[in-house]
Amino acid sequence: MKRNVTEILHHLGEENMPFGSVTPPIFQTSIFQFDSFDKFKEALSNEEENYLYTRGNNPTVNIVEEKIAALEHGQRAKLFASGIAAISSGIMAFLKSNDHVVCVEDSYSWTKTLLEKYLKRFGISHTYVDGSDIEEVYSAVRPNTKVIYLESPTTFTFKIQDLENISAFAKKYGIKTIIDNTWATPYFQNPLDFGIDLVVHSSSKYFGGHSDVVAGVIVGSKKDISHIFNTEFLNIGAVPDPFASWLILRGLRTLHIRMERHFQSTMKVIDYLYHHPAVEKINYPFYKDNPQLALAKKQMRGGSGLFSIKLATKRVEDVKTFTDNLRIFKRAVSWGGYESLVVPYAVSHKNLSEDNISIVRIHVGLEDPEILIDDLERSLKRMMKK
Ligand SMILES: *Cc1c(COP(=O)(O)O)cnc(C)c1O
């Protein structure tokens, strides 16, 4: 059943709170008790459906899971201690030794480390694809391919993949499709509606929304989430903390308002940068010159606050001058909070070339866009004077 977004964010799963409490309590308990032998035995034999031990289920955590499952139009969700824990568990749950994974090449760096370093130890191989061309994705598939891993859009180059066609192809061959939907959030994009099997998120970004919590989540069918719960989730134990889950619950209250604001402000900042002589290129799915704009509009109702620019220089000194003169934008990793941030590619990556050395990733937060534009204007001017 598809519900109204604010009904999900503000009411779903909170019908019977103790003492008439308006906000749900933080169930800060590790264990749950039983009033009989039989009930105790039943809980131990089916941890998935019972409160037994917080490494499995916890009521505060479950409220957040119910909301995120509904937002993503999925049957069920499982929260994890971090985004990468949800991603690693989701991928590993559907693989055995000697299987093969097709993965988008610009996906999150630790997702790639999982394939390159960790799964390699178990004989699991992978092929990277650019992802913008579906024929390339199809031709990367082998008889032992079990997972196609997508991230749409990616979060440095902002390329998108054709979800409907890739998932239809994967279904024909019994391949699981998993997508990282952290950038768009379910407020703007619902990959399950296009036939994708599983959606993963870093809840440390827009779900939390205040840069004060690390968590992750995976959403899909009852059957797939049940499989993940009983394999990777319980055994690897990347358990979400009740307080961290409660912070996500609080962040979710304003998700709809924050996402609209991030989108509007980002479009204003991009409009300004578009005409600036020091900016050579802008990477954002909803940017008017984006060659993938039609696909972006088909798959997403709007965009978030993260994009990248290529400065019109080949000198790292210029990138430094631009970065160091910013006053409102903070120099920090991550994104999705209330605040504006920058990450120069030359800080976060090692494979530097003339093509990428002047790329800067920008997160537009919830400040007035006018002060953000002033900040960029001043720093770009300094850079051009040098
Ligand atoms: C941050 C991020 C992750 C990892 O999430 P953590 O919560 O930091 O573990 C995964 N995917 C994307 C796109 C991210 O930005």
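Into which domains is the chain divided?

**View 1. Domain 1 and domain 2 of the predicted model.** Domain 1 covers residues 5-252, and domain 2 covers residues 256-385. Their C-alpha centres lie 28 Å apart.

**View 2. The area buried between domain 1 and domain 2.** The size of an interface is often given as the accessible area lost when the parts come together. Here the two domains bury about 3,000 Å² between them, and 60% of this area is on carbon and sulfur atoms. On the side of domain 1, Phe156, Phe188 and Tyr206 supply 30% of the area buried against domain 2, more than any other three residues.

**View 3. The shell around the ligand.** The ligand is surrounded by 13 residues, of which the closest are Gly83, Asp180, Ser202, Ser204 and Lys205. Sorted by class, the shell consists of five nonpolar, five polar and three charged residues. Helix H4, residues 83-92, gives the most to this shell, with three residues.

View 4. The ligand on its own has 380 Å² of accessible area, and the protein covers 90% of it.

**View 5. The loop between strand E4 and helix H7, with proline 153 and phenylalanine 158.** Strand E4 spans residues 145-151 and helix H7 spans residues 163-172; proline 153 lies in the loop between them. Most residues other than glycine have a negative phi, and most peptide bonds are trans. The peptide bond from serine 152 to proline 153 is cis, with omega near -5°. Phenylalanine 158, also placed in the loop between E4 and H7, has a positive phi, near 60°, and is a residue other than glycine.

How values were computed. Residues are numbered from 1 along each chain as its sequence is written. This is a predicted model: local features need pLDDT of at least 70, side-chain atom pairs count only at pLDDT 80 or more; totals for chains, interfaces and linings use all residues. Side-chain values use heavy atoms; hydrogens and water are left out. A residue is near a molecule or strand if one of its heavy atoms lies within 4 Å of it. Accessible areas come from the Shrake-Rupley method with a 1.4 Å probe; for residues, only the protein chains shown count as cover. Helices (H or I, at least four residues) and strands (E, at least two) are DSSP runs, numbered from the N terminus. Ala, Val, Leu, Ile, Met, Phe, Trp, Tyr, Cys and Pro count as nonpolar, Asp, Glu, Lys and Arg as charged, and the others, Gly among them, as polar. Domain bounds come from an automatic or database domain assignment. Buried area is the accessible area (1.4 Å probe) that two parts lose on being put together, summed over both.
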